[in-house]
Amino acid sequence: MKFARFAFAVLLASTSAIAQTAVTPAPDDSAPVAPPIIKAFDPAAMDLTADPCSDFYQYACGNWMKTNPIPSDQVRWMRSFLQVRERNRYLLWQELDAAAKDPKTPLQKQYGDFYASCMDTDTIEKRGMAPIEPSWKMIAGLTSVQQLPELMADLENHGTPDGFFGFSVSIDDKDSSKQIAEIDQGGFSLPDRDYYLVDNPHFATIRSQYIEHMKKMFTLAGDTPDEAAKEAAAVMEIETAMAKASMSRTDLRQPTNTYHIMTLAELDQLAPAFTWSAYFHGVGIGHFDTLNVGEPDYFKALSGMLQSEPLEGLKSYLRWQVLHGQAEQMPKTFFDENFAFFNKTLSGQDQPQARWKRCSSLTDNALGEAVGQDWVQQNFPPAAKDSMDKLVLALEKAMGEDLQTVPWMSDDTKKAAEQKLAMIRNKIGYPEKWKDYSSVKVNRGELIENIHHVAVFERDYNFHKLGKPVDEKEWQMTPPTVNAYYDDSFNDINFPAGILQPPFFDVTADPAVNFGGIGTIIGHEMTHGFDDQGAQFDGKGNLRQWQTDTDLKAFKERTECVASEYSGFQAAPAKGDAPAQNLNGHLTLGENTADNGGLRIAYMALLDTLAGEHQSIDEKIGGFTEAQRYFISFAQDWCQNHTDAYARQAALVDPHSPGKWRVNGSVQNFEEFGKVFGCKKGQPMYPVNACRVW
Ligand SMILES: [Zn+2]
C-alpha cells in the first residue's frame with residue numbers, strides 16, 4: 001500500500017484515477033470568470049456573537065458559513081482550500097485555452113490538443129459508443145474463465161479500466177530502497193464496502209438506486225430492459241462479494257495488515273482460479289520472483305468467486321467497469337445518468353461543473369507535469385520558495401523542541417525520534433525534473449483514446465520502476481494542486497506551488513497569520529511522520545519499530561485517547577431514513593493527530609520567531625492579539641459548508657475530519673488556546689482532560 005497522506009481530501013465518486021473529473025455539456029456552461037484572491041485572516045468571516053470558548057469554529061467561521069452557501073456545482077464549499085482551487089483552475093484554464101487556440105511549443109500543442117478534445121462536445125456526441133466498442137468486443141470474446149487473465153491484460157494494454165484488483169510497482173514497506181510488484185484489493189464502484197454491506201434502510205435504498213442506475217446505463221448502451229436487469233443484478237452480486245472480502249478502510253491503515261511478501265507459487269496456491277503468470281506476462285512487466293499481496297483474504301475470496309460465478313456475470317462486470325469508468329467522457333445521455341446517481345444522489349451535488357472547469361481538471365490530471373511547467377512560471381514567484389524554506393526550518397526546530405519535552409518518552413526513543421525528524425526531506429513548489437510525456441499520443445477529436453494513451457503511459461512508467469532505485473525527487477501531486485502530503489516510505493513533506501499563496505501564505509501578512517495558515521499545514525505534514533501510521537516507519541522510510549516497547553505502549557494509549565475523543569464527534573445528524581453518523585476515530589486518527597501536532601508546533605515556531613524579532617505574542621493588531629490572530633487564521637482555513645449526503649459519505653471514506661472538528665478538536669486538545677481566549681477550565685474548548693500525543 002502506498003502511504004501518502006494529504007492535508008485534505010476531495011472526494012470523488014468516480015473509480016478510475018484518470019476519470020476524476022467529468023466531461024460533457026453541463027446545464028451551466030457559463031463563461032469563465034476570475035475568482036477573487038482570498039484574504040488571509042478575515043474578521044468579516046467571524047461570528048463575534050459566538051463564544052470562542054464554547055464553539056471556536058462558529059466564532060471564527062460563523063459569518064462566512066452564513067453568507068457563503070454551497071455553489072450549485074459543488075458538494076462542499078471551503079473559504080480557503082476550495083476557493084483557491086477554483087482560482088488555480090481558472091489560471092490553468094487561461095493557459096489551456098490559449099494553448100488550444102495558438103500553441104507556441106510542442107508541450108503546449110500536446111496539452112492544448114488534449115484540452116480541445118475534451119471541449120469538443122460535437123465530436124463526442126457524434127462518436128457515441130464508438131470509443132468503448134473495441135473494449136466491449138474484447139470482453140464479448142471471452143469464452144472461459146481461464147482466458148480472463150489474458151483478457152484483463154489486453155484491456156489494460158488498451159488503457160481501459162477492468163476492475164477486480166489493482167496491480168502496480170511500489171516501494172517495499174520494509175526496505176524503502178526497493179521497488180517491488182504489488183497486488184491490492186479494489187474494483188467495486190460504490191464509495192465504500194459499507195454501501196454494499198450495512199443492513200439499514202438508508203443503504204438498502206442506495207443499493208436499489210444503484211441497481212436502477214446500472215439498468216439505465218446498460219439500456220443506454222444498447223441492452224434490452226431484460227438484458228439490462230440481468231447485467232445489473234450480476235454486477236451487484238459480484239461487487240457485493242468483493243466488498244465482503246475487502247479489508248475495511250480502518251484496517252487498511254495498519255501497514256502490517258497489508259504486507260505479505262509471497263512467491264509466485266504461493267500466490268498461485270492462494271488464488272488458483274486466476275493464472276497469474278499469464279496476466280503478468282500479458283501486461284508486459286519485467287521479471288520478478290516475489291511480490292506483495294496486500295490483502296491475501298481478498299484474493300482467496302476473489303479466486304473462489306471467479307470459480308463459482310457464471311461466465312456471463314463476469315462479462316457483465318467487465319462491461320460495467322468499461323462503461324462506468326468512462327461515463328463522464330461519453331455523450332450527454334450517459335454523462336447525465338452517471339451524474340444523477342454518483343454526484344447527485346450519493347454526494348448531493350446539484351449541477352455539474354461547467355465544461356471548461358471539468359476539462360481543465362481532466363487535463364491537469366492527465367498531463368499535470370506538462371501543464372505545470374508553464375503554470376509555475378506564470379504563478380509561482382521564486383521568493384515564495386525562499387520564505388517557505390524559512391518557515392519549514394522554524395517548524396522543524398519547534399518539532400525538535402517538542403519531541404524533547406514530551407513527558408512520556410524515554411531518552412532513547414527521543415533520540416530515535418529526533419533522528420527521524422532530521423531525516424525528513426522537504427519538497428517545495430514543483431519537481432526539479434519534469435516527466436517527459438513526448439511519447440504520449442494526443443489527437444483532437446479522440447478524448448477517450450487520449451485518456452487511454454495517458455493511462456498506458458502512466459502504467460508503463462510505473463512498471464518500469466520494478467527493481468530500479470527509488471527516485472526520491474518524484475512528486476505525487478501536480479503543481480497547481482491546493483494540497484500537501486507526507487509520504488511514509490520517502491519520509492518527505494511536499495508542498496505544491498498551488499497552496500503557497502493567500503490565504504495560506506502571504507508575504508505581506510504578520511507572522512501569526514502565516515504560522516496559523518501554512519505553518520499549521522507544514523506542522524501537520526511533519527506530524528504525519530509520527531502519527532499512528534507514520535510512527536511505524538523509521539527515518540529511512542522502513543517499517544520497523546524504533547521506539548522502546550514501553551514508549552510504544554504509552555504512545556498507543558495516547559493515540560487511543562484521540563481516537564475515542566473524535567469518535568464522539570458527530571459528522572451528520574439523523575435525517576430521513578439515515579441515522580445520525582459520528583466520525584470514525586480510528587479511520588481519522590492519523591489526520592487528527594497531525595492536526596493536533598501541527599497546531600501545537602506551529603505555535604511554538606511562532607513564539608520562537610516573534611522572540612527572535614523582539615515582538616510580543618500579546619501585541620494587538622486590529623483588535624486581536626498575535627496569539628488570537630494565530631488561532632483565528634488557523635480556523636479560517638477550515639471554514640466550510642457541505643451537503644448532508646457529502647458529510648455522510650465523507651464520514652465513511654475520508655480519513656480527514658470535517659472542518660468543524662479539525663478546528664474544535666485541535667484547539668480543545670491544546671491548552672494554550674484556552675489561555676489565549678481567557679476560557680474557564682471545563683468549558684468545551686478548554687476541557688479538564690485533553691488528549692495529547694505530541
Ligand atoms: Zn494529513
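Biologist: In what order do the four strands of the open sheet stand?

Modeller: Strands are DSSP runs of E with at least two residues, numbered from the N terminus, and two of them pair if DSSP finds at least two bridges between them. The pairing in this open sheet is mixed, and its four strands stand in the order β3-β4-β6-β5.

Biologist: Which are the edge strands?

Modeller: An edge strand here pairs on one side only. That applies to β3 and to β5 (261-263).

Biologist: How many bridges join β3 and β4?

Modeller: β3 and β4 form a hairpin with two residues between them. Within the pair, D172 stands opposite D175 in β4, and S168 stands opposite E182 in β4. The pairing is antiparallel, over eight bridges.

Biologist: Why is β3 largely enclosed by the rest of the structure?

Modeller: Buried means under 20% relative accessible area (1.4 Å probe, protein chains only). Strand β3 covers residues 165-172, and it is largely enclosed because the buried ones among its eight residues number six.

Biologist: Where does pLDDT stay under 50?

Modeller: The chain averages a pLDDT of 95, and 97% of the residues score at least 70. Where pLDDT is low, the predicted coordinates should not be read in detail. The stretch under 50 is residues 12-27.

Definitions and conventions
Residues are numbered from 1 along each chain as its sequence is written. This is a predicted model: local features need pLDDT of at least 70, side-chain atom pairs count only at pLDDT 80 or more; totals for chains, interfaces and linings use all residues. Side-chain values use heavy atoms; hydrogens and water are left out. pLDDT is the predictor's confidence in each residue, from 0 to 100. Contact means heavy atoms within 4.5 Å. Buried means under 20% relative accessible area, exposed over 50%, partly exposed in between (1.4 Å probe, protein chains only).
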